[in-house]
Amino acid sequence: KFKLHPVISMMIAAIIIGVGAGMPLTMISSTVEKGVGKTLQGIALLVGLGSMFGGILEVSGGAQRIAQTLIDKLGQKKAGVALGITGLVIGTTVFFEAGVVVLIPLAFSVAKQTKKSTLYYAIPLLAGLASGYAFVPPSAGSVLVADSLGVNLGVMIMVGVPTALICMVVAGVIWGRFIGDKVFTKLPVNVQEIKEDSKELPPFGLVLGVILIPLVLILISTISKYLPIPANIQNVLSFIGKPFLALTIATLAAMYFLGIRRGYTGEQLKKILDHSLRPVGMILLVIASGGVIRWMLQDSGLGEIIGPALEKSGMPLIIVAFLIALLVRASVGSSMVAMTMASGIMATMPAVMATSMLYRAAMCCAICGGATALSHVNDAGFWLVGTFLEIDEKTTLKSWTVMETLIGVTSLIVSLIISIFA
């Protein structure tokens, strides 16, 4: 079966929209250039810095340290909760695939000791990773949607963290226990080969401190505008909390505390950073292509036609945004394409951009939730999870697909509740 790459198909779609709307050919070409430039100017650096930051955290053993400490503190009975929290924290900084590779051996380790189904521990971990990646900056998905809808990242963090926590509890802890009791899945045959390294892990407090640096700096920057402090101090706090600078500071801190201080050489760190940047090019191309469609809709005037048509449907804008993301996700399979398309379409609607920032932050969560739900056979994550857990497609649909859809539905409910107060 012939299948076009998402980047090419989105570029073709953008050109068809432009030609179909009767735009002059010179205007179409300039809109393509403008779409790429305007879309990437606010996000390219953040995705790159976030990837480097996550790369150091992954290789240094920081992710394992958080999981092991939480399991030790909460005990084996609440290991699912511990793994869910770990996944959520790590999901904000590393790509989903990397988080699975690094943390899934810990779920197997607990399952081996308790003799329970691997789903009992894997589902909370996967739900935490998916929720952290979807809703909480500096993850690529949340930053992309927030940037597209003009939402301050500090506000996005304040809305995204509780949304991610609720989704992790519902889709991870509660659903994980239910499906873990219903369906017994054995430990993978090769579990001995992928057991955790015996290397010395960094201290828990240090890892947590480094992870919190970008979140705290961005939040302080947002809150400082409302504090009765001198203007020059406010300007400094606002500057160091700019997402690009907050992530630069966090990456430097990670390089020093989790790298140099722990015996990594400059050459080793460079290799880690280079490796962490490998997936970034593809992600940025997908984001840029979606951005081109957004600007083509806007410049052709179709955005002003689509907007009122959707508004006349009588559905709240948040549900409209969720459904667009859900439809793209189900048909294309890529959550990043779904986030890019849905946020781009909603951003062309004047009624959306006229709403408060809190409302748009809630909409961001609805879009990210819609782009997470209904993961099935056309999603690379579906096969990644099935392969690692060594379960068949039917079991993956019963466990993973339902988990992802629960994250989506839960985030929609939370977003609608938040929107009442916006």
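Reader: Which helix gives the most to the nonpolar patch?

Author: α21 does, with 4 residues. This is a predicted model, where local features need pLDDT of at least 70 and side-chain atom pairs count only at pLDDT 80 or more, while totals for chains, interfaces and linings use all residues. Residues are numbered from 1 along each chain as its sequence is written, and side-chain values use heavy atoms, with hydrogens and water left out.

Reader: Which residues form the nonpolar patch on the surface?

Author: A patch takes residues with over 30% relative accessible area and no salt bridge; nonpolar side chains (Val, Leu, Ile, Met, Phe, Trp, Tyr) are joined within 5 Å. Areas come from the Shrake-Rupley method with a 1.4 Å probe; for residues, only the protein chains shown count as cover. Here the patch is Leu358, Val409, Ile413, Ile417, Ile420 and Phe421. Together they have about 600 Å² of accessible area. Ile417 sits in helix α21. Helices are DSSP runs (H or I, at least four residues), numbered from the N terminus.

Reader: At what angle do α9 and α21 pack?

Author: Two packed helices are described by the angle between their axes and the distance between the axes. Axes are lines fitted to C-alpha atoms over the stretch in contact, and angles run from 0 to 180 degrees between N-to-C directions. For α9 (residues 153-182) and α21 (residues 393-420), the angle is about 145 degrees and the axes are 9 Å apart. The contact (heavy atoms within 4.5 Å) includes Val159, Ile166 and Trp175 of α9, and Val402, Leu406 and Val414 of α21. By class it has 13 nonpolar, 4 polar and 1 charged residues. Asp, Glu, Lys and Arg count as charged; Ala, Val, Leu, Ile, Met, Phe, Trp, Tyr, Cys and Pro as nonpolar; the others, Gly among them, as polar.

Reader: What residues make the contact of α5 with α9?

Author: First the geometry. α5 (residues 79-91) and α9 pack at about 145 degrees, with axes 10 Å apart. Val81, Gly84, Ile85 and Leu88 of α5 meet Ala164, Leu165, Met168, Val173 and Arg177 of α9. That divides into 7 nonpolar, 1 polar and 1 charged.

Reader: How many salt bridges does the structure hold?

Author: Look for a Lys or Arg side-chain nitrogen within 4 Å of an Asp or Glu carboxyl oxygen. The structure holds 4. One of them joins Asp274 and Lys270, at 2.9 Å, N to O. Both lie in helix α13 (residues 266-276), 4 residues apart, about one turn of the helix.

Reader: Where is the cis peptide bond?

Author: Check omega. Between Pro137 and Pro138 omega is about 10 degrees, and the bond is cis. Pro138 is in the loop between α7 (119-135) and α8 (140-148).

Reader: Which residue other than glycine has a positive phi near 55 degrees?

Author: Leu374. Its place is the loop between α19 (357-370) and α20 (380-389).

Conventions: Helices (H or I, at least four residues) and strands (E, at least two) are DSSP runs, numbered from the N terminus. Patches are made of residues with over 30% relative accessible area and no salt bridge: like charges are joined within 9 Å, nonpolar side chains (Val, Leu, Ile, Met, Phe, Trp, Tyr) within 5 Å.
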